[in-house]
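Subject: Structure handover and findings

Hi,

Here is the structure for you to take over. Please open it first, then read on for what I found.

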Amino acid sequence: MAKSKNPSTLLLSPQVRLSYPKLIRAEPFKDPTTGQEKGDPVFNTEMLCPADDLSKFRTWNEEKGEWKYDNLNSFCGRLAKQRFGDDFDVGAAIKHDGIKWPVTNGDKNAERGETYEHYAGHYVVRGKALSEINGRPNAPSLYYMEDGKRKAIARGTDQGNQLAGDMFYGGAWVVVELSAVAGDAGGNKYVTLYMNSVMFIRNDDKFGGGNSLMDRFEGVTGGESDYDPTDGMEEEISI
């Protein structure tokens with residue numbers, strides 16, 4: 001298989017739960033230990049996926065014009081080989097930190113204490129969206145269902161911020177459309193999942209307690225993840 005420069009494919013998630021979402025306002029990564037901000041503002045979230053549901057992701061088949069079920073890890077592995085060649089050992093690269101991978105085992109996070117217990121029994125799928133692309137504003141579209149119809153949330157309005165804060169919190173169930181991209185930024189290989197849109201599905205118990213009014217308007221829900229969504233972004237592709 002010939003190498004392809006930064007191949008990308010559309011993905012549709014099954015129902016997943018949000019964890020530490022930053023979907024209302026793009027923010028720079030804040031180191032939870034030092035409090036220092038790093039990089040440009042980005043939208044990002046962790047998506048908690050039950051282990052059995054990792055095979056319920058769907059990829060878009062351009063030729064047939066339809067979605068096809070696929071295992072997320074397997075799909076990302078094929079995408080990496082498409083970018084780096086058939087001889088690229090994906091498993092070894094993940095094990096030895098030779099590639100930045102968008103899926104991790106939540107059980108390891110759960111071992112860190114009570115704050116992280118909601119990770120147990122799940123895979124953690126990480127998605128992000130750049131706040132700008134080629135100088136143009138960029139943000140994932142936010143949707144919900146009303147009377148059987150899909151409704152878009154208007155960003156930048158009081159009503160839109162209120163709705164988004166009430167729906168897109170840590171613990172809510174959503175479906176996410178993503179663009180999966182494999183690339184190399186200054187020698188740092190990665191597979192990244194860029195969020196195109198997020199659809200609210202239903203409420204559930206919140207992770208990390210409730211949200212204040214200011215939390216909702218600032219897009220801060222339930223604390224900070226230690227995942228740095230800006231890591232390796234310097235030379236990432238424009239999509």
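Where is D147 found? D147 sits in the loop between β10 (141-146) and β11 (149-152). Its phi is near 55°, a positive value in a residue other than glycine. Most residues other than glycine have a negative phi. D147 is also exposed, with a relative accessible area of 75%.

Y20 has a positive phi too, near 50°. Its setting is strand β2 (residues 16-30). Is Y20 buried or exposed? Y20 counts as buried because its relative accessibility is 8%, and the cut-off for buried is under 20%.

Confidence

Keep in mind that this is a predicted model. The mean pLDDT of the protein is 83, and 83% of its residues reach 70 or more. Two stretches need care. Over residues 209-224 the pLDDT stays under 50, and the model has 37 contacts there beyond four places in sequence. Residues 227-239 also have pLDDT below 50, with 40 contacts in the model beyond near neighbours in sequence.

Overall picture

The protein has 5 helices and 13 strands. It has 239 residues, of which 47% count as buried. Take the contacts between residues at least 6 apart in sequence: 69% of them join residues at least 24 apart. The accessible surface comes to about 12,200 Å². Carbon and sulfur atoms hold 44% of that surface.

Cores

Which residues have the most contacts inside the largest nonpolar core? They are L72 and F168, in a core of 43 residues. Helix α1 (residues 72-84) gives the largest share of this core, with 6 residues. Setting aside residues up to four places away in sequence, L72 touches L11, L54, F57, V103, V125 and L193. There is a second, separate core of 7 residues.

Strand pairing

Start with β13 (residues 188-202), which has several partners. Strand β12 (residues 173-185) pairs with β13 in the antiparallel sense over 13 bridges. S179 stands opposite Y194 in β13. The two strands form a hairpin with 2 residues between them. In that turn, G186 has a positive phi of about 60°.

Parallel pairing also involves β13. Strand β7 (residues 122-130) runs parallel to β13 and is joined to it by 2 bridges. Here G127 stands opposite L193 in β13. β10 pairs with β13 in the parallel sense as well, over 3 bridges. Y143 has M199 in β13 as its bridge partner.

T9 lies in strand β1 (residues 8-12). T9 and W60 are 51 residues apart along the chain, yet their C-alpha atoms are separated by 7.0 Å. What is T9 in contact with, leaving aside its neighbours within four places in sequence? The partners are T59, W60, F75, L79, L178, S179 and A180. S179 is also the residue that stands opposite Y194.

Cysteines

How many disulfides does the count come to? The count is 0. C49 counts as buried, at 0% relative accessibility. C76 is buried too, with a relative accessible area of 0%.

Best wishes

Definitions and conventions: Residues numbered from 1 in each chain as written. Predicted model: local features only at pLDDT ≥ 70, side-chain atom pairs only at ≥ 80, totals over all residues. Heavy atoms only, no water. Helix = DSSP H or I, 4+ residues; strand = E, 2+ residues; numbered from the N terminus. Buried < 20%, exposed > 50% of the residue type's maximum accessible area, 1.4 Å probe, protein only. Contact = heavy atoms within 4.5 Å. Areas by Shrake-Rupley, 256 points an atom, 1.4 Å probe, with all protein chains shown as cover. Core = buried A, V, L, I, M, F, W, Y, C linked by side-chain atoms within 4.5 Å. Disulfide = S-S within 2.5 Å. pLDDT = per-residue confidence, 0-100. Pairing = 2+ DSSP bridges.
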